[in-house]
Amino acid sequence: MKAMRVHKYGGPEVLVLDDVLVPEPKAGEARVKIEAIGLNYVDIYQRTGLYPLPVPFTLGMEGAGVVDAVGDGVNEVKKGDRVAYAMVLGSYAQYAIVPAWKLAPLPAGIDVESAAALLLQGMTAHYLAHSTYALKKGDTALVHAAAGGVGLLLVQIAKQIGATVIGTVSTEAKAALAKEAGADHIILYSQTDFAVETKRLTEGRGVHVVYDSVGQSTFNQSLDCLRPRGILALFGQSSGPVPAFDPGILAAKGSLFLTRPSLHHYTLDRAELIQRATDLFSWVAAGKLKLRIDKTFPLREAAEAQRQMEGRKTTGKVLLIPE
Ligand SMILES: NC(=O)c1ccc[n+]([C@@H]2O[C@H](COP(=O)([O-])OP(=O)(O)OC[C@H]3O[C@@H](n4cnc5c(N)ncnc54)[C@H](OP(=O)(O)O)[C@@H]3O)[C@@H](O)[C@H]2O)c1
């Protein structure tokens, strides 16, 4: 089968479309014939070595398709089931091996492209808004990169709950998308000091929570956006990792809370994973959560897809389709 692999860390040019053997599922595992692959920022961290993995490895943390074989003892899914999954390495390929407990069966109204566009970024938005800081009606949240993959979903989920949402984006075109997703206020953080603007919009009070996936370039100002005892959920670093800092700063800026959550720890078992996936599928089916599939590339063009994501040229979701 074809698999897009990394043999050495580096830029998008290090991706190689290799011919490898179709893998066999072991006990507790299923083999999925991949029909759609979700592109995520984590793929870039793994390719560059920011999140190091032993090489060579097949990229990709999200996929959807059809179960084509199962190992011993699998009772969660069977051959022929349509499924999607997230947070298992190796989806940039024609087939992938996945622990069966991590597979979410697709309800009738959800096609594989939508599932591959939804699960990883959607479950992230779900846990951020419902678990990391459980938003309440009337809360105010600041969402960075609000027109990105996670961003557009998080804005919509926060609005469903009844929060006021301030979104940051880098361009006017992205501002329009975040607004359409329901953001109450947009700040062009490429042009405006977003901490000053957030304080102005909240009449000096600050927000209850900042959902910050941008990291290095936003971290310090994000702390300045919070009200006393507010929480900074730092869930990514698309601008680079945040350097070491003195925790005393959290006291000085208002007895703040800082957490660095990962989807792994918010889908700890099948019950938690299926609960989040079921919510997402039902919201999409009911039209309460809109998916934006921005671009679709054949798997062999994964490098170009990643270039565009790193270059801030994508909004919403990017999919890869294996040939
Ligand atoms: N912890 C978790 O559980 C978890 C799970 C999923 C994703 N994440 C994180 O969430 C973030 C968003 O992921 P995503 O897949 O949805 O990607 P994305 O938001 O679609 O793309 C990243 C966006 O970050 C913004 N950005 C700001 N500064 C940037 C820079 N210097 N270089 C590149 N982009 C920059 C850009 O939006 P603007 O042009 O509007 O600034 C860009 O479009 C990533 O940091 C990812 O690692 C974390």
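The structure is a predicted model, in which local features need pLDDT of at least 70 and side-chain atom pairs count only at pLDDT 80 or more, whereas totals for chains, interfaces and linings use all residues. Residues are numbered from 1 along each chain as its sequence is written, and side-chain values use heavy atoms, with hydrogens and water left out.

H3 is mostly covered, 11 of its 13 residues being buried, a class that means under 20% relative accessible area, as against over 50% for exposed and in between for partly exposed (1.4 Å probe, protein chains only). The buried residues are Gly 149, Val 150, Gly 151, Leu 152, Leu 153, Leu 154, Val 155, Gln 156, Ile 157, Ala 158 and Ile 161. At 1.5 Å a residue the 13 residues of H3 should span 18 Å, and the end C-alpha atoms are 19 Å apart, which agrees; the expected span is 1.5 Å times one less than the number of residues. H3 is followed by Gly 162, whose phi is positive, near 105°.

The largest nonpolar core has 61 residues, and those with the most contacts inside it are Leu 128, Leu 135, Leu 154, Ile 157, Tyr 211, Phe 281 and Leu 289; such a core is a set of buried Ala, Val, Leu, Ile, Met, Phe, Trp, Tyr and Cys residues joined through side-chain atoms within 4.5 Å. The largest share of this core, 12 residues, comes from H2. A second, separate core of 30 residues includes Leu 15, Ala 30, Val 67 and Val 88. When neighbours within four places in sequence are left aside, Leu 289 is in contact with Leu 118, Leu 153, Gln 156, Ile 157, Gln 160, Leu 280, Trp 283 and Val 284. In strand S10 lies Thr 168, which is buried with a relative accessible area of 0%. With its neighbours within four places in sequence again left aside, Thr 168 is in contact with Leu 142, Val 143, His 144, Ala 145, Ala 146, Ile 187, Tyr 189 and Phe 194.

Grid points are joined across faces, edges and corners, and a volume is the space filled by probe spheres set on the points. The structure holds one cavity of 30 Å³ or more, and the largest cavity has a volume of about 60 Å³. Its lining consists of Ala 117, Gln 121, Gly 149, Leu 152, Leu 153, Gln 156, Lys 290, Leu 291, Arg 292, Gly 316 and Lys 317. H3 gives the most to this lining, with four residues.

The largest pocket contains about 990 Å³ of space. Of the 45 residues that line this pocket, the closest to its centre are Tyr 41, Tyr 45, Ser 213, Gly 236 and Ser 238. Two or more lining residues are given by each of helix H1 (41–48), helix H2 (112–132), H3 and helix H9 (302–310). By class, the lining of the largest pocket has 19 nonpolar, 22 polar and four charged residues, where Ala, Val, Leu, Ile, Met, Phe, Trp, Tyr, Cys and Pro count as nonpolar, Asp, Glu, Lys and Arg as charged, and the others, Gly among them, as polar. The second largest pocket, with a volume of about 180 Å³, is lined by Leu 152, Gln 156, Leu 177, Glu 180, Ala 181, Lys 290, Leu 291 and Arg 292. H3 and helix H4 (172–180) each supply at least two residues of that lining.

Among the backbone features, a cis peptide bond with omega of about -5° joins Val 55 and Pro 56. Met 87, although not a glycine, has a positive phi of about 65°, and at 14% relative accessibility it counts as buried.

Conventions. On a 1 Å grid over the protein atoms alone, a cavity is a set of points where a 1.4 Å probe fits but cannot get out, and a pocket is an open set with protein on both sides within 12 Å along at least five of seven lines; lining residues have an atom within 4 Å of a point. Contact means heavy atoms within 4.5 Å.
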